[in-house]
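Please keep the sequence and the structure in view while reading.

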Amino acid sequence: PVIDALDHGSNKSAINACNKVLKKYTSNTLVKALKALALTRSQKVEEALVLCDEILAAVVTDDSTLSVMTHVLKGLARNSDMVAMFDNAFKQQPQSEELGAQTFFAHVRTGNWKSCQQVATRMHKQFQEDRYVYWAVTGAILQANDLGTPPNIRTLLYKLAHRHVTSCPTPSYMAVDRFHLHLIILQELQLWDEANTLLESDIGKSICSASLVCNETRREIWRKRGLYKDEGERAQEKIKNNDRNWLEFVSVIDAAFASVQGPDVSEEGKSECSENIAKTRDFLTEIAEVDGSNNRSASLALLELEKNAFSHGISSDENTLVDSMENYFSQFGDKTCCFEDLRPCVDLGADAKSRWITFLASQEPSFATTGDLQRVINVRKLQRISLTASELSTDKESCLASTYIEEYMAGLDLGSSLPVTELQPADDLAILVGHAFVSLWTTTKDESYLHNAAVVLEFALTKSRMSFQIRLLLVRIYRLLGASSLALDHYRAINIKQVQNDTLSHFLLTRALTFSLSATGDLTYPSECIESSQIYVSNSQDTPDFIIRAFTSEKYSQIPEFVSFDDRLENSLQRDIVKLEHVRMRMTHEPINSDLIDMELIELKFVFDRFHHDNRDFGMLPNYQPACQPSLNDQTLMFGNSTGQGWLWYFIKIYIRAFQHASDLDDIVEEKLLIGDRPKKSPEPEVQLPLKERLAIRKPEEVAELTADELQLMEWATAVSDWLEPYHDYTRPPPAVVLAEANKQNELRTGLPLRGVDLKALNANANANGHAKKDEEAPPVKEPPQLVAQFFENMHARFVQLQQSQCLPSDLLHVATLTQEAFLLFAVESHRFKTASVVKIHKLGALVQSLKDIRSKACTVLKTMSTDLLKIGEVAGSAERRKSFVESCKPIADFPRLHHDFVLNIAKNVGESRKKVLEGVGKGMVKICTNYGQ
């Protein structure tokens with residue numbers, strides 16, 4: 001009955017069933033574990049913790065109880081207890097191989113590779129099975145590769161792994177993955193003779209010929225030994241035998257330039273290199289002739305050869321490179337990959353570039369076949385990226401946009417019979433239209449060009465609704481226009497899944513507070529934050545299981561990749577940027593109380609201790625802008641910059657400091673109340689500094705990621721914190737008082753005292769009935785700094801200035817939401833002084849009056865901004881504004897398919913979306929003033 005109830009999610013029934021059994025069998029650890037699981041799922045954490053402590057103290061060894069307890073402890077984030085449980089069980093039954101394996105896997109789940117190596121070594125001694133040797137070897141390698149491992153220890157660990165492998169009774173070449181491990185160790189320790197013996201053996205050659213991962217490691221070893229020529233000869237033989245792996249062609253090219261590797265290159269080396277290039281050119285030309293248009297590897301290698309010859313100074317004539325480019329385009333110009341293949345070669349000198357441009361201009365556009373259309377697209381892309389600054393006039397770009405639209409419309413006929421799920425062959429021409437109009441907007445700041453881009457791209461989606469690149473570009477354009485709901489619709493239509501939430505969510509959620517309507521109860525954006533963060537939860541649950549499967553099936557070559565994947569997701573920069581955005585939005589919607597403050601303070605401190613990986617993919621947005629211009633990604637970023645590590649650090653510092661001031665938690669209290677394990681800290685030296693010092697650090701590279709208005713907010717928040725910090729420190733109750741109150745609340749809620757809290761000591765040292773009056777004098781009340789007192793008036797002046805400059809709605813919303821955020825941060829900072837008893841006991845009446853004055857000014861500014869936003873929103877949704885939008889699209893009005901009704905519909909959607917966000921933010925500001933204005 002208990003297990004059935006748990007399976008059906010009926011936790012209450014499971015608890016009752018467990019209680020009935022425990023009345024008869026009070027010491028049944030399995031039933032206690034099942035009850036703990038049900039309590040954990042019911043969020044009754046304190047009761048579950050008591051049961052967990054009882055079970056762990058009993059040192060259980062049966063599989064069923066251990067399995068249930070694994071789920072319980074994972075749910076409570078007590079991984080260290082889970083490891084200790086299995087360690088103790090294995091010590092109790094050292095003859096149990098299954099318990100040994102489970103203990104090893106428990107350490108794998110926590111990423112404790114040192115313990116993994118030790119457990120595996122013990123298991124090999126106990127059970128004499130060869131695979132445990134390689135478990136120990138893998139544990140040593142992973143420990144060596146950890147960021148926190150010193151270089152000297154890293155070498156020792158690899159030597160230990162080498163000793164394990166060489167002392168194993170079974171040779172490593174008996175299994176591919178074992179052989180690969182052996183090669184990695186030899187490569188790291190630079191034991192080239194031993195590596196050569198392995199690789200040159202018959203079985204070594206056989207393994208490398210059948211295993212890509214072993215062959216890749218072999219290639220790296222040969223390169224590090226400087227055997228470029230030998231590797232090149234080997235690669236040539238493989239190519240002659242119809243192997244078209246691109247890495248083989250890379251080896252051939254590298255062999256040609258072997259004599260000019262390194263900083264000091266002699267004339268003899270250059271002469272030898274020139275001869276090698278000629279021979280390699282003949283070889284690749286011969287292969288290219290044989291392959292024809294069936295395979296482009298040899299032709300692409302010829303391009304790479306000529307480019308490298310020029311970059312190394314071996315060849316001074318770029319005409320040879322242009323010849324190769326022309327030949328390549330003539331042969332593969334009808335392939336989608338042609339543009340990306342030729343792109344690295346187009347940075348030419350004046351004469352060569354002129355010849356190349358003339359060649360492209362000589363290509364007659366044809367729309368007879370899909371191949372002809374692709375050739376036109378490649379010509380247009382290559383011409384566009386070759387444009388110079390002098391050629392980028394407004395008239396030239398407008399003319400190009402018209403050309404792109406005209407050719408796009410002509411190309412649509414070729415895809416007229418395709419299913420709706422297929423992409424149109426002409427899609428890239430529509431994207432080029434977007435590039436041209438975005439370029440025009442960048443140089444002129446005329447919003448009408450963004451209107452034109454949106455209309456053409458929306459039309460393209462009616463023909464090719466599955467084009468994620470068009471949708472991503474529209475997401476960027478609509479965010480610039482302040483039409484956030486349309487951006488959200490296109491983002492959702494892409495149907496992003498799994499790890500894409502980490503790599504692509506930045507398109508929508510960067511500075512999402514700007515468009516959030518959480519204050520009015522619309523939780524769309526906070527919900528997107530939560531949904532995009534589910535990948536991190538599933539990663540922490542699933543990836544350790546994948547690593548364990550790799551160990552059990554001895555797929556050692558996959559384990560470092562899984563570990564790296566887990567680490568990059570667990571410490572993802574985007575994860576914590578989204579987390580911070582969610583905190584910013586949460587404060588506009590939920591009441592600011594001690595629960596919110598304490599929870600977010602602890603979580604943000606965890607974030608602040610991480611070493612971050614930036615997994616964001618900006619390359620998903622295609623870039624065909626000229627080399628003299630910023631990329632399309634940079635041009636379409638809101639406010640001209642993205643949020644990176646510096647932005648995250650700046651905002652986290654002000655939020656941690658504000659929450660610290662408002663919270664009664666200090667390090668002592670936090671340690672007592674924290675239930676789960678602390679996340680692993682970054683090994684960086686700065687992270688080892690005291691938190692107060694780290695919060696005060698300001699770096700120029702971090703400032704560069706902030707907008708001017710965000711920087712003003714940072715300076716204001718710092719000034720507020722500096723001003724109020726002495727009063728917070730003076731009035732904050734001592735840890736004993738806080739713990740006594742927490743214990744009292746916990747007893748009222750669960751009937752159980754707090755774990756690990758000494759009540760006698762608390763009663764002896766604390767006054768738990770209120771705020772004790774301190775012996776020392778309260779710090780004298782000072783007037784607020786001028787920056788603090790005038791901040792809201794300055795932001796209002798900035799808001800008015802933007803209104804007068806006819807800026808984009810997103811710029812207005814940015815200033816308005818930052819002003820609102822400052823007001824909420826001020827509410828957090830002054831939260832402690834809301835309690836009348838605190839003010840009276842500590843004689844802070846004058847301080848409270850200053851806070852009221854600032855709060856009153858802030859409310860006045862916010863209400864004024866709100867009124868202005870509501871007026872702007874009304875205008876944005878008006879018929880006059882729709883008419884103005886349609887008139888601004890005259891450059892594309894000559895194309896029949898982009899008719900008046902279609903443009904008007906887009907204008908209506910943009911206007912309604914703008915109106916919704918402007919009015920929503922405006923009404924939300926009034927609501928926030930009502931909640932915190934007193």
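Glu188 is partly exposed, with a relative accessible area of 34%; here buried means under 20% relative accessible area, exposed over 50%, and partly exposed in between (1.4 Å probe, protein chains only). The model is predicted, so local features need pLDDT of at least 70 and side-chain atom pairs count only at pLDDT 80 or more, while totals for chains, interfaces and linings use all residues. Residues are numbered from 1 along each chain as its sequence is written, and side-chain values use heavy atoms, with hydrogens and water left out.

**Salt bridges**

A salt bridge is a side-chain nitrogen of Lys or Arg within 4 Å of a carboxyl oxygen of Asp or Glu. The whole structure holds 47 salt bridges.

| Pair | Closest N and O atoms |
|---|---|
| Glu188 and Arg154 | 3.2 Å |
| Arg380 and Glu407 | 2.6 Å |

Glu188 in helix H11 and Arg154 in helix H10 (residues 151-167) are 34 residues apart, and their pair links distant parts of the chain. Helices (H or I, at least four residues) are DSSP runs, numbered from the N terminus. Arg154 is partly exposed at 25% relative accessibility.

The pair of Arg380 in helix H22 (residues 370-385) and Glu407 in helix H23 (residues 394-412) also links distant parts of the chain, 27 residues apart. Arg380 counts as buried at 16% relative accessibility, and Glu407 is buried at 8%.

Elsewhere, a network of salt bridges links Arg218, Arg219, Glu231, Lys238 and Glu248.

**Nonpolar cores**

A nonpolar core is a set of buried Ala, Val, Leu, Ile, Met, Phe, Trp, Tyr and Cys residues joined through side-chain atoms within 4.5 Å. The largest has 173 residues, of which Phe437, Tyr478, Tyr655 and Trp716 touch the most other members. Apart from this core lies another, of 71 residues, which include Ala14, Cys18, Val83 and Trp113.

**Loop residues with positive phi**

Val59 has a phi near 55°, a positive value in a residue other than glycine. Val59 belongs to the loop between helix H4 (45-58) and helix H5 (63-75) and is partly exposed, at 30% relative accessible area. Gln190 likewise has a positive phi, near 55°. The loop between helix H11 (176-189) and helix H12 (192-200) contains Gln190, which counts as exposed at 53% relative accessibility.

Note on methods
Helices (H or I, at least four residues) and strands (E, at least two) are DSSP runs, numbered from the N terminus.
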